Amino acid sequence: MGSSHTFDKFLPLIKLKKAYFILRAVTPVLAILWMVLICFVAQAQQVPVLPSKGGMPPANVPAQTVPDRPTPTVRNPVPSTPSPTTPPASTTAPNRRLLNVRSEPRPTGSRTAGDMTGLARRDSVVRDTTVADEAFKTTVNYSSKDSTIYAADGQQVELFGDANVEYGEISLKADYIKLNYATNEVYARGRYDSTAKKLVGQPVFKDGDGQYDAKEIRYNFRSKKGKIQGVVTQQGEGNIRGNNVKKDAEDNLYIRGAIYTTCNLATPHFHINASKLKVVKNKQVIAGPFNLVINQIPLPIGLPFGFFPFPKKKDIGVSGVLIPQYGEEPNGRGYYLRDGGYYWAVNENIGLQFKGQIYSRGSWGIGTTGAYNKRYKYSGGFDLRFARNRSGDRVDKTQAPRNDFSVTWSHSPQSLGKRSTFSANVNISSNSYNQFNTTQTERYVSNVAGSSVQYSRQIGQYIRTSSSLRVNQQFGQTDPRTGIRQNGKTDVSTDLSFGLNQLAPFALKGGTGKWYESFRGGLDFNGAATVTNSLNTNRIDTSGLGFKLVGTKARLRPRGDILRDSLAREDSLRLGLVRAGGQLIGDPNIVPFNTANLPALLQNALVTGRYSIPISLPNIKIAKYVNLTPGFSFNGDIYRKRLNYVYQGGDSVRVDTTRGVYTVYNFATSISMNARAYGTVFFKGNRLQAIRHTIAPSISLSYIPNFSKPSFGFVQYLPIPGLREDRRYFSRYRGIGGNSSGGTGNANAIVSFGIVNQLEMKLRARNDSAGQEFKKVSIFDNISLNGSYDLNAPTYQLSNISLSANTQILKNISFNFNANFDPYGYREIGAANGIRQFERIPTFSLKQGQGLARLTSAQVYLSGRIVPKGSDKPKKATGVNDATMQAINANPDLYVDFNIPWSLNISYSYGYNLYAPGPREIDGVKNFNVIQTITFNGDFSLTPKWKFTFNSGYDIQYKRPSITTVGINRDLHCWDMAFNWTPFSGSALRSGNYSFDLRVRSAILQELKLSRRRSFYDRGGF
């Protein structure tokens, strides 16, 4: 028993020891199990169970159905028993969440402490968010209309109902949005409305200037990459749609199963169907194999690849290839590819086109066209063309190739108060360029061209300078042997002017009101030089001088020679050719304008200079109503050649040309008087209150002394028998240029008179909504009568009387009238070819019983424009650059405005000219010519999408219509259709011409078109 008792006594120790050894053996296992348990508990605290509402499904999982009301969710769970909490109340006010927030204050050295307003704090270990710190750079603002649910750890936010998230330039709107701060992602989708049976609240994603409409969007803030389902986006003028889209960090899009169109309808009228697309941001669309689909019908028209550039907002375009036109032309050069090349958008101020053309029979051409614009400074454009043309005649191989060129340039400055301005309007081409190379009707039919370049500068307050270069061309006539225009005439002239503005020398430091302080003086000088390839320019008509020309050194040509040329060689002159031995040859007086002929051209050049000293004398008031103004002027000319008359006896005179520097001058004095008077007639009508007549008479006297004295050296006296004394004085600068050609043996004393009338009426306004009780309406803006009387003229002292008037009728109708009346009579001098002949006599027609004066010429012009109210306002359009809108407003007739329902421009022109002195009819033959025409153009719309245009006229005198064109334009939403037809033109060459164009409206797809035409420069074809 004892031993047993003793054993029982130590039994607990033995058990404890066994337990110790057992415990010692299993301690490492228990420690591991205990640590695993702690990890599970910590993990359970950090990742609570998400509520059933919302969630971020994988990309391949369809969107969940959102319940109508939010369900309660668990907030801030603890390891023991989680306590449910109520979600925040629904609100439309935006919530602001600073990214990278922490549940505990940041350690020392961090940027800012996190703010967990509205979120429960917890005591567990907070994980590191350094990665998120690096990913986010600004604040995320979000809001929702239904509800907002926050995850317990603060790393996820769900927004329901009109959800909106903004992060920098990124904006996202959708019915449901979920933010995940742990993965830096945002997910959005719409909701299916069972009542409306459609998706509502679909995502709209904006990133800078880009906008994407989609079904689902997943976007990563850190990598800036995203995946979009069912995207619709606008890129430039193009509309891009695709099923699966990926977006990279550079905002480029990669789309499969895509369509590209410029039609913005839900079901576009046309589109390009591509298996894959790459959209390079703000640059271009690159397409894989694609085909064209019109009205949902695929066409068997496709290409293996393509690219479509986006026009930049600040640039005039995007660089790219220019597709050439093709067809066959009627000038024998065969089939062609024309105006193909490359467009280079240099920068936002200049763009260049490099074009070429090639013909199947050996002809070719190159050229460049450019446009430039510097806002608030200048704008302009140029076109340089060169063509190497071969005749294309398969039989005649002797014709040499012909070089044609054309240079056009326009430059318009915007002075804006600047002291210097430069402008240019250049149009220079070879004789036959317009005949064979132009596609513009107005240039094809034109036989003349003019160019000018001007530069002016103001120096200080008083000095001004300017210079200009002008080129005038006459392209000659068509040679019947070759069908090419020849014998073109070219004049190149330049001038330089210098001027000193009038200043008051007696009031330089400010006037005191003295009469002599209004004395003013100035200086003007103008020099000019003209070079021409027509060597007979200086030939002077000597008819009526009263002597016979002898000798060969003179550059004079009697009118008899000209008359004989016109009668005996009428066809030659009409074609610009002359005959030699019965054969047509080129005009020997016209030489090519080239360097080989440069010495002869310079020797034939005409160089002149002119100067003047304008002087303003003090103005004198007479009886407060009459202004009396004296005047004095001094001017002269400078020549490098003059004529020397050598009398040979009898009626023969030899005329030589001598070279040097010669000066001719003259001066004149004048005095003028003018006044203004008013007369008013009052009425007692309802609206018409009064009519006022304003009359402004004026009269002036100018006197030029006789400069024909031999001491001046301007005029030579020739004692030719049979001539009156006053006709024996001959200017030594006749026909050479300038204005101071010397005297004629008498002083000039001319009295000029005129009277200006104005008529206007005063009407009571129909309503005083504008605060205006009365308004003035002009009846005639101007009715003027002018003439002059030469006191020293031996005969015909009174000049013709001119009458002119103009006014504006009903704001839309312009009226202009001018006429000339001859105050001298006429008498019969015999008969020729059985028709009586008459001559003018120095006796007033009133004394001859022929009336107060004879009407010799008259012109009446009446024009009006009738349009709906507001149609003449400057046109505006969205998405169109300033340069394009300026071109449209400057040339409204070249564009079709579907917003104007109708417009009508109509004009009436009447011209009357008397052929010769005498009655209006002589032996049944009319002695006058009448030109009377009506022209009209306009457009009208039968429907808002159909526009009809017309341009025609009618010659009343010849009872036949003028050139007539009609057009039809159809607005096909994203397409434009235009048809133009010329049913009548008076020329078989242009009659029956037509054009039909069906093209995409967008400038990006301008080559997507169908054209058919027949014109003077094309034989037609598609």
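**Reading salt bridges, cysteines and loops**

Author: Let's start with arginine 840, which is partly exposed, with a relative accessible area of 29%. Keep in mind that this is a predicted model.

Reader: Okay, and which side chain does arginine 840 meet in a salt bridge?

Author: The general idea first: side chains of opposite charge can pair when their charged atoms come close. Here the partner is aspartate 822, at 2.9 Å from N to O. Aspartate 822 sits in strand E52 (residues 813–822) and arginine 840 in strand E54, so the pair ties together parts that are 18 residues apart in sequence. Aspartate 822 itself is buried, with a relative accessible area of 5%.

Reader: What about glutamate 839, with which arginine does it form a salt bridge?

Author: With arginine 827, where the closest N and O atoms are 3.0 Å apart. Glutamate 839 belongs to strand E54 and arginine 827 to strand E53 (residues 824–832), so this pair links parts 12 residues apart in sequence. Glutamate 839 is partly exposed at 28%, and arginine 827 is partly exposed at 46%.

Reader: How many salt bridges does the structure hold?

Author: There are 17. One of them joins glutamate 185 and arginine 218, at 3.8 Å from N to O. Glutamate 185 lies in strand E8 and arginine 218 in strand E13 (residues 216–220), so parts 33 residues apart in sequence are tied together. Are glutamate 185 and arginine 218 buried or exposed? Both are buried.

Reader: Now cysteines. How many disulfides does the structure hold?

Author: A disulfide is a covalent bond between the sulfur atoms of two cysteines. This structure has 0 of them. Cysteine 263 is in no disulfide, and the nearest cysteine sulfur, that of cysteine 974, is 3.6 Å away.

Reader: Last one, backbone angles. Which residue other than glycine has a phi near 65°?

Author: That's lysine 624, and the value is positive. Lysine 624 is in the loop between strand E42 (620–622) and strand E43 (626–649), and it is exposed at 73%. Asparagine 184 also has a positive phi, about 60°, although it is not a glycine. Asparagine 184 is in the loop between strand E7 (170–180) and strand E8 (185–189), but it is buried, at 5%.

Methods. Residues numbered from 1 in each chain as written. Predicted model: local features only at pLDDT ≥ 70, side-chain atom pairs only at ≥ 80, totals over all residues. Heavy atoms only, no water. Helix = DSSP H or I, 4+ residues; strand = E, 2+ residues; numbered from the N terminus. Buried < 20%, exposed > 50% of the residue type's maximum accessible area, 1.4 Å probe, protein only. Disulfide = S-S within 2.5 Å. Salt bridge = Lys/Arg side-chain N within 4 Å of Asp/Glu carboxyl O.
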